[in-house]
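Let's take a friendly walk through a protein model with two chains in view. Please have the sequence and the 3D picture ready as you read.

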Protein chains: 2
Amino acid sequence: MVGMLRLMGGGANLSLVSGYNRGVVLEAIRSAGTISRVELTRLVGLTAPTVSNIVRRLIAEGFVVEAGRGPSTGGKPRTLLRLNPAARYAVGVQLDPHSTDYVVTDLGGEVVARARGRGAGRRAPAEVIDTVSTAVRSLVRDAGIPAERVVGIGVALPGPLQHDRGIVLAPPNLPRWREVPLRDLLAAAAGFPVLIDNDATAAAVAERWKGSAAAARNFACIYMGAGIGSGIVVNGRVHRGSSSNAGEVGHISLNIDGEPCHCGNRGCLELYAAPRAVVAAARAHLAGNPAAALRLPARSRGTHADYLRICRAALEGEPFAGGLIRRAASHLAVAVVSLVNILDLELVVLAGPGFDNVGDRYVEAVRDALDRSAFARDNHSLEVRLSPLGADAGAVGAASLVLHTEFAPQLLGRPVQSAS
Amino acid sequence: MVGMLRLMGGGANLSLVSGYNRGVVLEAIRSAGTISRVELTRLVGLTAPTVSNIVRRLIAEGFVVEAGRGPSTGGKPRTLLRLNPAARYAVGVQLDPHSTDYVVTDLGGEVVARARGRGAGRRAPAEVIDTVSTAVRSLVRDAGIPAERVVGIGVALPGPLQHDRGIVLAPPNLPRWREVPLRDLLAAAAGFPVLIDNDATAAAVAERWKGSAAAARNFACIYMGAGIGSGIVVNGRVHRGSSSNAGEVGHISLNIDGEPCHCGNRGCLELYAAPRAVVAAARAHLAGNPAAALRLPARSRGTHADYLRICRAALEGEPFAGGLIRRAASHLAVAVVSLVNILDLELVVLAGPGFDNVGDRYVEAVRDALDRSAFARDNHSLEVRLSPLGADAGAVGAASLVLHTEFAPQLLGRPVQSAS
């Protein structure tokens, strides 16, 4: 199969280095849009012959095309290079309890097809893997993309995971998933290489690739799906930590004497601000106030549906719903302050379906808390933004992880392993 | 002056690269104790001619000496190399409110002289700089070290700082220090190059250099002096953050509805666990209980003296003092759980004078909390240790920052700038 993800075994040091340089060149061409060889050489800091060789190979392989001539700067006009976005594609899957989002992106990171299916919720892993495999093959076929141009499938899902072995450990939000070798099972079912990653890490990678964090060296992407996680980039690299489970902001304790959390801690952020907590608070209120203005269906159609209804009520000015979102946002804000104090970040991006509709209120709450209290606030600028990727953040991130692994490994913290 | 810290200006890319390789070789020799050129070449991953050239220069400069021959492995016995620890020295200064610690270390990181002086407390910066400058020159002279072998002075002190400009911003624990250009002022007064860094970062560097974290890729050093900070190493590099103020664990909020902190947050760790908080709780108890077993002098001889007395009472089994330390430790433990959840660490080291006497109790509380609640606890091992460097951690760290900057820049997160 074309586009087998590299770094699967040992003994590939030489190809690792040349792959690294190739990735630097390809990523520089992608970021620039169009660029001459001279500018490219200056930009990437390799020698002119090295860049020439890499570009020649990239053109031969179809990844890069010549795109006319740029304006002359004295000598003869320079030939411009640009990416051939149709050279390769990647599939991204965001596996959530309440829905599964699929995207296909081209080599430039543009979404060329998307679909949405049932969530992983309480379904058995084998059934979910079968559904995902079928959905991916249909999506690729219906988009008219030759299978040999698909580099692989990236799956983003809630942690904890064993990233390097492709195993889903025991996500509290996917109760039937216990040590499932998702990477290998899905690769076998779908016939494409697969990698898996934490949803928040995937969202952070997407922000750097297609979102609002292209230039940030130290930033976090807070991802709210069913739970609350964060993807962390430090010194320009994704930080995964010793067991690939960094960024668990959902289990920052905001109240040492608070309610016990399933994680063993007390007063964790998720107990106050995750959609489940907001819905539980709303239902408790409604049970005691039959005349309340806020309405939720007596028989719940799921946490996410209830949460969306509360968010819409808040947007429409219903005061109790507004108060619930305000409370969730103020708790999230305090956790973000701790995160910023620990990591000294320059940017925080909020992403994921938990911020649909009411994202601006969360942004405002986080900004206010940081203005009030971040320890180093006078020392450097610190921005808070809502992801421009909307509900696609996780799926686009999963696809870009696949492309990064193959074409821009320097953007990842360490080698990503995959199975095919 | 010999041993001027490098990286002071631009235009030094070539020397940066050769300095980097030289640092890799020198650090490999230091870590190994004695090592042959063949082993060294294998270890550092450079070509044999490159290693040979670097070693020849290191010997000519006096940094490395030949140290007899190792056992034959078939061919002729191999000449062993070792560091010449007396080739260079660095001074480390830990500036605390209640005391100033000085060490001189040799190139191998061994402490060859130490002294202790008055703290920075409420004294004016100019007076403190004058005292430090005089003390450093006396210490170097009395130790019989030629001034030209002193690479520079590292100063560790509480943040926030502007690390790259060498400016002390406004540490809450040094109330008279506001935007003081300490690096340049001390360099001018003492006649040595100076760099400054956060005390907790310095302690983390010391742990890797001479302490218990030599092999850890992701670890934090919790440093308790007057405040509580942490030095963070991720992917084997010191993480300083966007404004060089990462690691502010003292301002993790443990109670969103708690007392307001000077930082603008509420319920910060330092309000429960810093020595000042422990002493305040003890004095409040004594005021209401004249017959209490715990005794503190009616007229305080300083927070640190009171704190030490409480720690000793706790050690001797006095129950109220024991309860105070237990409470401080349990709060620290919850903050460490958050830190571990965010960074996915493999090691946490406790260092600094706040852990004198009672360090074991803090270690136990942190271990218990992590066993109970770290999100990824089943996924990888996670150790908690008390620093073997004792009260020297900050000063040794400051000295090792100087040596790292000159001789092992690859161990630091990014170039360190200094003034001379």
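At the start of helix H6 of chain A, a side-chain oxygen of A:Asn198 comes to within 2.8 Å of the backbone nitrogen of A:Ala200. Helices here are DSSP runs of H or I with at least four residues, strands are runs of E with at least two, and both are numbered from the N terminus.

This is a predicted model, in which local features need pLDDT of at least 70 and side-chain atom pairs count only at pLDDT 80 or more, while totals for chains, interfaces and linings use all residues. Residues are numbered from 1 along each chain as its sequence is written, chains are lettered from A and ligands numbered from 1 in the order in which they are written, and side-chain values use heavy atoms, leaving out hydrogens and water.

**Helix H6 of chain A**

How far apart are the end C-alpha atoms of H6(A)? They are 16 Å apart, which agrees with the 16 Å that its twelve residues (199-210) should span at 1.5 Å a residue. The expected span is 1.5 Å times one less than the number of residues. Eleven of the twelve residues of H6(A) are buried, where buried means under 20% relative accessible area, exposed over 50%, and partly exposed in between, using a 1.4 Å probe and protein chains only. Among the buried ones are A:Asp199, A:Arg208 and A:Trp209.

**Where the chains meet**

The contact (heavy atoms within 4.5 Å) takes 51 residues from chain B and 51 residues from chain A. About 3,900 Å² is buried between them, with carbon and sulfur atoms giving 56%; this is the accessible area (1.4 Å probe) that the two parts lose on being put together, summed over both. The largest share of chain B's side, nine residues, comes from H10(B).

B:Ser338 lies in this helix, H10 (residues 319-343). B:Ser338 touches A:His251, A:Ile252 and A:Ser253, not counting residues up to four places away in sequence.

**Cysteines**

A disulfide is a covalent bond between the sulfur atoms of two cysteines. For B:Cys221, the nearest cysteine sulfur, that of B:Cys311, is 18 Å away. For B:Cys261, the nearest is that of B:Cys268, 3.8 Å away.

| Residue | Relative accessible area |
|---|---|
| B:Ser338 | 1% |
| B:Cys221 | 0% |
| B:Cys261 | 8% |

Conventions: A polar contact is a pair of N or O atoms within 3.5 Å; within protein, one must be able to donate a hydrogen and the other to accept it, and residues adjacent in sequence count only if both atoms are side-chain atoms. A disulfide is a pair of cysteine sulfur atoms within 2.5 Å.
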